[in-house]
Amino acid sequence: MEQVNLPGNSFWSNRCSPGLSLASEMTDNVSVCAIVSPAHVFVQLPSHPSYASLEQLNSCMSKCYEQLDTPTLLRPIEPGVICVARTTPEHDWWRVQVVSYDENMDICDIKFLDYGGFLTVHASQLRQIRTDYLSLPFQAIEVYLANLIPPKPQFEWPLDSGSQMEDILFYKDVKVNLLGVAEDGIPLVHLYTSESSSNNTDDGKEEDVNVTNEEDKDDKEINMNRELVERGIASWVELVPVDKQPTLA
């Protein structure tokens, strides 16, 4: 296996990273892969043709970085650098992007490009990325859940809100309705699931809906943004998106 590394600090930045995007106003077959807060999550597109190659890429990267002497990042590390990281000796290597760098402590805040989420690591845990490991589009799409703020009168999200979100959204087929983009370019979305309304009410009462059988009831779409408000996890606020995110071919 030929070792190929980008010269010097000539890394890919977030302006040219080959990431996936939400290609239409409504996207089906989406899965939530990481939760930052009730209003900030990462999603994957399991139905995208490139998704099937992710496991193979992870295996190749792990073998490469375990068996070969790969270079660390040159200091100072610039935000936006794309590289690979190993968070613990037991974990595999992941494609990540440096969000910030503390030169005094030599630590970085990183974003996981295929599985979502953020983490602070020592810079020694980062390695330069081989150019051929950039061919697969980054699989995690960062989104904001529109219209949601911390529940009043709080100004921060409750400590248990993350675990509540996992119970609600993990391991479920989700639809994403693209509403626009925030000022930082992150898509603003509403999430929908297909659970019946009777399974999503705390008092056990069923809503007055016209259904002919149990299967139709189970197919009822639930707006999860509003569901989070109903459960007291968030408060609703009207927002005006900056613009619609452009549709990509």
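In what order do the strands of the open sheet run? The order is E6-E5-E4-E3-E7, with antiparallel pairing across 5 strands. The model is predicted: local features need pLDDT of at least 70, side-chain atom pairs count only at pLDDT 80 or more, and totals for chains, interfaces and linings use all residues. Residues are numbered from 1 along each chain as its sequence is written, and side-chain values use heavy atoms, with hydrogens and water left out.

**View 1. The whole protein.** The protein holds 4 helices and 13 strands. Helices (H or I, at least four residues) and strands (E, at least two) are DSSP runs, numbered from the N terminus. Of its 249 residues, 45% count as buried. Buried means under 20% relative accessible area, exposed over 50%, and partly exposed in between (1.4 Å probe, protein chains only). Residues 24 or more positions apart account for 66% of the contacts with a separation of 6 or more. A contact means heavy atoms within 4.5 Å.

View 2. E6 and E7 (126-127) are the edge strands, and each pairs on one side only. Two strands pair if DSSP finds at least two bridges between them. E7 pairs with E3 (residues 82-85) in the antiparallel sense, over 2 bridges. Here Ala85 stands opposite Leu126.

**View 3. The E5-E6 hairpin.** E5 (residues 107-112) and E6 (residues 118-122) pair in the antiparallel sense over 5 bridges. Ile110 stands opposite Leu119 in E6. The hairpin has 5 residues between its strands. Gly116, in the turn, has a positive phi of about 80°.

**View 4. Helix H1 on the sheet.** H1 (residues 54-67) packs on the sheet and touches E3, E4 (94-102) and E7. Its direction makes about 65° with that of E4. Axes are lines fitted to C-alpha atoms, for helices over the stretch in contact, and angles run from 0 to 180 degrees between N-to-C directions. The buried residues of H1 include Leu54, Leu57, Met61 and Tyr65. Its buried residues pack against E2 (40-44), E3, E4 and E7.

**View 5. Arg130 in its loop.** Arg130 lies in the loop between E7 and E8 (141-145). Is Arg130 buried or exposed? Arg130 is buried, because its relative accessible area is 5%. A polar contact of 2.7 Å joins the side chains of Arg130 and Asp132. Such a contact is a pair of N or O atoms within 3.5 Å; within protein, one must be able to donate a hydrogen and the other to accept it, and residues adjacent in sequence count only if both atoms are side-chain atoms.
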